[in-house]
There are 2 protein chains.
Amino acid sequence: MPVLDAVAAAPSAPAFSPLYQQIKALLLQRLQAGEWKPGEMIPSEMELAARFKVSQGTVRKAIDELAQENHLVRRQGKGTFVATHAEERTQYRFLRLMPDDGGGNPPQTRLQRRLLECRRMRAPAEVARALEIKSGEAAVQIRRLLLHAGEPVVLDEIWLPGPLFKGLTADKLSSWRGPMYGLFEAEFGLRMVRAEEKIRAVAAAGDDAALLAVAAGTPLLLVERLSHTYGDRPVELRRGLYRTDRFHYRNELQ
Amino acid sequence: MPVLDAVAAAPSAPAFSPLYQQIKALLLQRLQAGEWKPGEMIPSEMELAARFKVSQGTVRKAIDELAQENHLVRRQGKGTFVATHAEERTQYRFLRLMPDDGGGNPPQTRLQRRLLECRRMRAPAEVARALEIKSGEAAVQIRRLLLHAGEPVVLDEIWLPGPLFKGLTADKLSSWRGPMYGLFEAEFGLRMVRAEEKIRAVAAAGDDAALLAVAAGTPLLLVERLSHTYGDRPVELRRGLYRTDRFHYRNELQ
DNA sequence: TAGTGGTCTAGACCACATC
DNA sequence: ATGTGGTCTAGACCACTAA
């Protein structure tokens, strides 16, 4: 069987992997390289099979895994598309806040955003470490408030590596409709692929308490999120303070 | 193609579903019925294929999904086994607490348990509603403390439907080594399949503060977990108070 | 009607575990 | 050597979408 050149040429070939895993890696490379942009259709299974000289079933298994990991979206009768945070289906994929009443899944549409700050500055040491950039390098700091029915619910502080987000301004941010990750895709070609969150309970203090309209000392959820793009490259650090008097963080365990 | 009788006979057949989904449903039924117990091996793919009169590939797809949903565990060369909470691999599958330092995945082995209470009583209205039993029906209440290096970290209050857990005593609980869900499997034939958690930040108060050795008013994570067995039947309500000064709740978003 | 993904089959061969 | 799951193929047919 003809070994796949691009993989065979990879630095320090890792022993052995099934064909479909090699195909998957190739597709991931091309996604990362931006060959197909978020929302675009990728070639059909038959065409990819022909291109890679494997059977359709092998391509299918590779695509199945990529679809399951939220890189691709399959649509029967139409084709397979690059996943995007700008869609209805995936909107607020990363926001796990739920209203206490709201039965089941009424998503947090009608969350009003209020931009508090957007400025470029040198990254503090802690931020630089998380984003894997040099301490003191340029970074973008964003602070914003999410409100529900006029009441503040979430106070976000967001840190982005400066060089990757050239041209990001308060204007661009506040005029953008839809999820912030959609803006990142459209303007900066950066797709968030995975995130990890560390959740703690903390006491509201100072400015934060005032902005969230709670008394100092009120328990709040502190959600520290580190989001990654392709290749496990961290590109966003987000510290969110959540009021949980009318909302809660929902998690499904399997 | 010979339709699968057991499925065809199901009440109000739901239009149409692929063959492998029907096989999956049949396997789930047998798991639920206890035909194969946790940790046991199920018949080989070939045998199931023969039994159901479908191809091996169709059985494979059904098993693949069940494995992915943590009902089954595949082991190459050995067979396919019913998943269990008593294994190393899945131990503490539902406990997301991580030490703040601890690098990556050192799991919370060396969490010491201290049983505070285990008694039978009438279920309070709120508990009954969650467990879908009648208000005032028999229930088991368990309270326990998890400690790390002598320091209290988690205070759990657990509610179980009384009839399902006949014979559960404080002795059985405190003498059991390994995860509590392992005991539930071994003694009561109840496998936890899925759980949902609602997380909030609350202030420590009264007894709870004392037991966790924190000052009243200290922010704590309140984790309300509802665990389900087969057929989405709720069988455990757990309210955990987590100290998050040295630990955090970790979540992966994809 | 043509093109796409979705299902199902049958058979060959590989990798792993056990005897 | 045997039995298990894992990979790969080739081809048939179904279900959905759009022109």
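Modeller: Strand β7 (residues 151-161) of chain B pairs with strand β10 (residues 233-242) of chain B in the antiparallel sense, over six bridges. The model is a predicted one, in which local features need pLDDT of at least 70, side-chain atom pairs count only at pLDDT 80 or more, and totals for chains, interfaces and linings use all residues. Residues are numbered from 1 along each chain as its sequence is written, chains are lettered from A and ligands numbered from 1 in the order in which they are written, and side-chain values use heavy atoms, with hydrogens and water left out. Strands (E, at least two residues) and helices (H or I, at least four) are DSSP runs numbered from the N terminus, and two strands pair if DSSP finds at least two bridges between them.

Within this pairing, B:Ile158 stands opposite B:Arg238 in β10(B). The two strands belong to an open sheet of eight, with antiparallel pairing and the order β4(A)-β11(A)-β8(B)-β9(B)-β10(B)-β7(B)-β6(B)-β5(B). At its edges are β4 (97-99) of chain A and β5 (112-122) of chain B, each of which pairs on one side only. From one strand to the next the twist averages 25 degrees. Helix α7 (residues 180-188) of chain B packs on this sheet and touches β5, β6 (138-148), β7, β9 and β10 of chain B. The direction of α7(B) makes about 160 degrees with that of β10(B); axes are lines fitted to C-alpha atoms, for helices over the stretch in contact, and angles run from 0 to 180 degrees between N-to-C directions.

Strand β8 (residues 194-203) of chain A pairs with β11(B) in the antiparallel sense over five bridges. There, A:Ala195 has B:Leu253 as its bridge partner.

In total, 31 residues of chain B are in contact (heavy atoms within 4.5 Å) with 31 residues of chain A. The size of an interface is often given as the accessible area lost when the parts come together. Here the two chains bury about 2,800 Å² between them, with 48% of it on carbon and sulfur atoms. On the chain B side, B:Asn251, B:Leu253 and B:Gln254 lose the most area to chain A, together 25% of what that side buries. Buried area is the accessible area (1.4 Å probe) that two parts lose on being put together, summed over both.

Side chains of opposite charge can pair when their charged atoms come close. A salt bridge is a side-chain nitrogen of Lys or Arg within 4 Å of a carboxyl oxygen of Asp or Glu, and six are found across the interface of chain B and chain A. One such contact joins the side chains of A:Glu252 and B:Arg194 (3.1 Å, N to O).

On chain B, the elements giving two or more residues to the side that touches chain A are β8 (194-203), β9 (219-229) and β11 (247-253). Of these, β8(B) gives the most, with ten residues.
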